[in-house]
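Subject: Structure for you to look through

Hello,

Here is the structure I said I would pass on. Please open it first, then read the notes below with it on the screen.

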Amino acid sequence: MSISPPAGRALVRPKSISSRPDPAPGGHVLAVGSPGPSRELLTRTLRLTGYDVTHAVPGDVQRQVRQAPPDAIVALDDGPDGRRQGLDVIREVRADPAGQALPLLMVTAARTHAPGAVADLLTQGADDCLPEAADPRELSARIAAKLHRVPVPVENLPRDPRTGLYSGPHFMDELDRELGRPSAARRGGVLAVVGVAEMAALETRLGPRVRREVAERLAGVAMGASPARAEPRAGGRLGGVCDRLGWDEDGQLLVLMPGVDEETATRSLREFAVAVAGTRFVVADENVRLTPAVGWTPLAEYADHTRAVEHARDAVAEAVRHRDLRPVRHEPWMRRSAPHGHRRARAGLRTLLTWATRLLAPVLPLVLGVGVPFLLYQQAYELGWDAAGSAYWVVVAGLVLSALLIMLECLFSLDATDRPERPGQPYPSASAVIAAYLPNEAATIVDTVESFLRLDYPAELEIVLAYNTPHPLPVEDTLREMAARDPRLVLLPVAGSTSKAQNINAAVTRVRGEFVGIFDADHHPAPNAFRHAWDWLSNGYDVVQGHCVIRNGDSSWVARTVGVEFETIYAVSHPGRTRMYGFGVFGGSNGFWRTDLLARTRMHGSMLTEDIDSTMRALNEGARIAMDRTLISRELAPTLLRPLWNQRSRWAQGWLQVSLRHLWGALRSPVYSRRQKTGLLVLLGWREVQPWLTLQILPILVHAAWRAGGADRLDWAVPVCLTAAAFTMSAGVVQAAFAWRLAVPELRRRKAWFWRYLLVSTFFYSHFKNMVARQAHLKEALGDRQWRVTPRAATEPGAVAEPAVRA
C-alpha cells in the first residue's frame with residue numbers, strides 16, 4: 001500500500017507490505033511538522049516500523065514533550081509553504097531542559113538535503129539527518145540506534161571528547177581531588193578563572209549559546225588550537241603548566257595549574273591573555289575580539305573548591321574593570337560578600353598617604369637633597385676626604401652632559417626621518433578613539449567630536465567616543481543626537497571606568513579599523529591626520545606619534561609657556577631622539593597604532609603614564625615607532641600654575657614608574673641594539689637622576705662656604721666653572737631657537753613667546769620641573785598614586801571656560 005506524494009516531493013514511506021522491515025522493539029516517537037501529506041506519510045512509516053506516534057506542530061513541541069515525554073523526536077525540515085523549519089524546531093527542542101537529551105532526527109526534502117544544509121542542522125543540535133526518500137528500514141534502524149545509545153549532552157560528560165574541557169561539576173571534583181591531597185604532596189599550584197569583558201554584549205547580540213563557544217575558543221588558545229576552532233593541540237599557551245581545563249555556565253574558562261609556582265603561573269597566564277587579545281575569533285559565525293579577564297588564587301590557601309572559585313571570580317571582576325590583560329591575584333579587599341570594610345580601609349590609607357605627602361613635600365626633598373649630602377660632606381672632610389670637591393666635578397660633568405645631549409637632540413632633529421611620500425597599501429578602514437571623562441570635558445566635547453567628523457579620509461572612518469561619567473549629564477543627550485545623525489560616531493559608555501586606560505581598553509575590541517588613532521577629549525586633529533598616519537603604518541611602522549600643538553596660548557602666561565614647551569618636545573626632542581637613538585615613543589594622544597598591536601598591548605591603568613608604559617611593552621615586542629612633527633593635532637593647555645603642577649607631577653611620577661619597571665630589563669634584553677640601550681638609559685635613567693643632581697650644587701656650595709669661613713671668601717671667577725655654567729645655560733637658548741625654527745607656522749609668528757619662554761625657563765620653569773620631579777619621587781616612595789581632577793581657570797573674559805584637567 002502506498003500513497004503518491006505531492007508533485008516534486010519524495011517522502012519516507014513503505015514501498016509495499018512485503019518490504020516492511022523487521023519489527024522494531026517499539027517506543028514513543030514525537031513526529032514534528034505542519035499538518036499535511038508529508039507528516040501523514042511520516043506517521044504511517046513510523047507506525048509500520050513499530051513505533052507509537054504522537055504529533056506536534058512547530059511552536060508546540062515543548063508543551064508536548066513536557067506533557068508526554070517521547071523516546072525520540074523525528075521532525076520534518078520542510079513546511080507546507082516550502083519554507084525550511086528544521087532549524088526553528090531544533091532550537092525549540094534544545095532550548096527546553098526536557099528536550100536536551102532526547103534523540104532528534106531530521107527528515108529533509110530532496111531539495112534541502114544539500115551537504116551545507118545538513119551540516120547546519122547537525123551543527124545546531126540535530127543528532128541525525130536523512131532524506132525523505134530513504135528506505136523505511138534505515139529510518140527505523142537510525143531511531144533504534146539512538147534509543148540504544150542515547151546521546152548525552154556534553155555538559156553531562158566528565159570531559160568534552162572534542163575539546164577536552166571538563167564540565168563545571170566535574171572540574172570542581174578535580175579541584176577538590178587536588179585540594180584533598182596531603183600538604184606535603186601539594187607543592188604550589190594555582191586556580192585561575194578566565195572571564196571575557198565583552199560577554200554580556202555578545203550574549204545580548206548572539207544569544208546564550210555564545211557562552212560555551214567563548215569558553216571553547218579560550219581553551220583552544222590555551223592548548224594551542226586554531227582561533228576559529230576549539231580542538232586543542234599540545235604545547236599551547238598553557239599546555240606546559242596546565243593539564244585540566246573546564247568551563248562554567250557563565251562561559252568562563254576554569255584553569256587548574258597544580259604544582260606550579262606563582263611566578264610561572266602569572267607569566268603563563270599573561271602570555272595566554274595576550275594571545276587571546278591578539279586573535280580574532282569566530283563566535284556564532286561572527287568575527288570578534290575578546291578581552292580576557294584573568295583572576296587567580298594560590299591553591300595552598302584552601303581546603304575545598306567553594307571559596308577558591310569564589311575568590312578567583314572576585315579577582316576576575318577586578319580584571320574586567322581594568323581590561324589590561326594582566327592576571328589579577330585575589331586580595332581580601334576584592335571580596336564581593338564584604339567589600340566595604342576593606343575598601344574603606346584602603347581609602348583611609350590613601351587619604352593618609354596623600355596628607356603625609358602634602359605635609360612632607362616642601363621639606364623632605366630639601367632634607368634628602370641638601371641636608372643629608374651636606375652632613376656627609378662634612379663627615380668625610382673631618383675624616384680627611386674632600387668628598388664635596390669630587391662631588392662638585394661630578395655635578396659639573398653631569399650638567400655639561402645634559403646640555404650636550406640637548407644640543408645633540410637639536411642637531412639630529414634637523415635630520416629627522418621624513419614621512420613616506422605615498423602609502424604602501426590602499427587606505428583601509430580606520431578608527432579614532434576619543435577617551436573622555438565627561439564631567440571634565442563637558443564644555444568642549446561637542447566641539448571636539450565635530451572636529452573629528454570633519455576629518456578628510458578616503459576610506460571608512462569611525463569615531464568612537466569612549467567615556468565614563470559618575471552621573472548622567474545633559475551633554476550626553478546632545479551626543480546621542482549627533483550619533484543618530486552621523487553613523488560614523490559611536491558612543492561607548494564604559495561603566496565603572498576610573499581612567500583613560502580603561503576607556504581605551506574597552507574601545508579596542510569595539511573598533512573596526514585596521515589602525516586606531518588615540519586622542520584626548522580636547523584634541524582637534526588636522527583634517528589630513530589619518531592620511532598621513534597611514535603613510536607611515538603602510539610602510540612598515542607599527543605606531544606613529546604626531547605633533548601636539550597648544551591652541552589656547554593666548555589664555556595666560558602659563559598656557560604660552562606650555563605652548564612653546566610643546567614645540568621643544570614634539571618639534572625638537574622627540575624627532576631628534578628618535579633619529580639619534582633609533583626608536584620613538586608614544587605620547588598618549590595624537591598617536592596611531594595598528595589595531596592588532598594595540599589589542600595585544602593595551603593600556604595599564606595602574607601606570608600614571610600609561611602611554612610610556614605601552615611604548616616600552618610595544619618596543620619589547622619589536623615594534624617600530626615613528627615620530628612625525630608634521631602630523632598635527634591641537635589641544636588645550638592648563639592656564640593656571642596649580643593644574644600645571646598636578647599634570648606634571650603625574651607625568652614625572654609616571655616616568656619614574658616606567659623606569660623602575662622597564663629600564664633594567666631593557667638593558668639586558670637582546671631586542672635592543674647598543675644604540676637603543678644608550679637611548680633608553682638616557683630616557684629612563686638619566687632623567688630620574690638629573691633633578692637630584694642639579695640640587696647637589698647647593699650642599700656643595702654651602703660646604704665650600706663653611707670651609708672657607710663664609711660665602712664672601714669663595715672665589716667665584718674660576719674659568720672652568722664659568723665656562724661650564726655658560727655652556728649649560730646655552731643649551732636652553734639653543735633648544736628655544738630650534739623650537740622656533742621647527743615650530744608650526746602659527747607659533748613661529750609668535751617670536752615674543754619664545755623669548756619669554758627662554759627667560760621664564762632659565763630663571764623659573766626648569767627649576768619648577770625639577771621640583772615637580774623630586775616631589776613625584778617622594779610620592780612614589782610613599783605609595784601615593786592617586787589621580788587628581790583639578791579645574792582649569794577660564795580662558796579669557798567672554799571666552800568659553802576650559803574643562804577641568806584630569807591630572
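This is a predicted model: local features need pLDDT of at least 70, side-chain atom pairs count only at pLDDT 80 or more; totals for chains, interfaces and linings use all residues.

Start with strand 6 (residues 190-196) and strand 11 (residues 292-298), which run antiparallel and are joined by 7 bridges.

Now the whole protein. It has 27 helices and 22 strands. There are 807 residues, of which 54% count as buried. Among contacts with a separation of 6 or more, 75% are between residues 24 or more positions apart.

Another open sheet also has 5 strands, in the order 2-1-3-4-5, and here the pairing is parallel. Its edge strands are strand 2 (52-56) and strand 5 (128-131), each of which pairs on one side only. From one strand to the next, the twist averages 25°. Strand 4 (residues 104-108) and strand 5 run parallel and are joined by 4 bridges. In this pair, T108 is opposite P131 in strand 5.

- Helix 1 (residues 37-48) lies across strand 1 (28-32), strand 2, strand 3 (72-76) and strand 4, and runs at about 160° to strand 2.
- Helix 3 (residues 86-95) packs on the sheet and touches strand 1, strand 3 and strand 4, with its direction at about 170° to that of strand 4.

Next, a pair of helices. Helix 23 (residues 674-695) and helix 27 (residues 751-782) pack at an angle of about 115°, and their axes are 9 Å apart. This angle makes helix 23 roughly perpendicular to helix 27. The crossing of helix 23 past helix 27 is left-handed. Which residues meet there? From helix 23 they are E688, P691, W692, T694 and L695, and from helix 27 they are N770, A773, R774 and H777. By type, the residues of this contact are 4 nonpolar, 3 polar and 2 charged.

Is helix 18 (residues 529-537) largely enclosed or open? Of its 9 residues, 8 are buried, so helix 18 is largely enclosed by the rest of the structure. The buried residues include F530, W534 and W536.

R579 has a relative accessible area of 33%, so it counts as partly exposed. Leaving out residues up to four places away in sequence, R579 touches F412, D415, A416, T417 and R675. The C-alpha atoms of R579 and S413 are separated by 7.1 Å, although these two residues are 166 residues apart along the chain.

Regards

Key
Residues are numbered from 1 along each chain as its sequence is written. Side-chain values use heavy atoms; hydrogens and water are left out. Axes are lines fitted to C-alpha atoms, for helices over the stretch in contact, and angles run from 0 to 180 degrees between N-to-C directions. Helices (H or I, at least four residues) and strands (E, at least two) are DSSP runs, numbered from the N terminus. Angles under 35 degrees count as roughly parallel, over 145 as roughly antiparallel, 65 to 115 as roughly perpendicular and the rest as oblique. A crossing is left-handed if the near helix is turned anticlockwise from the far one by less than a right angle, and right-handed if clockwise. Contact means heavy atoms within 4.5 Å. Ala, Val, Leu, Ile, Met, Phe, Trp, Tyr, Cys and Pro count as nonpolar, Asp, Glu, Lys and Arg as charged, and the others, Gly among them, as polar. Two strands pair if DSSP finds at least two bridges between them. Buried means under 20% relative accessible area, exposed over 50%, partly exposed in between (1.4 Å probe, protein chains only).
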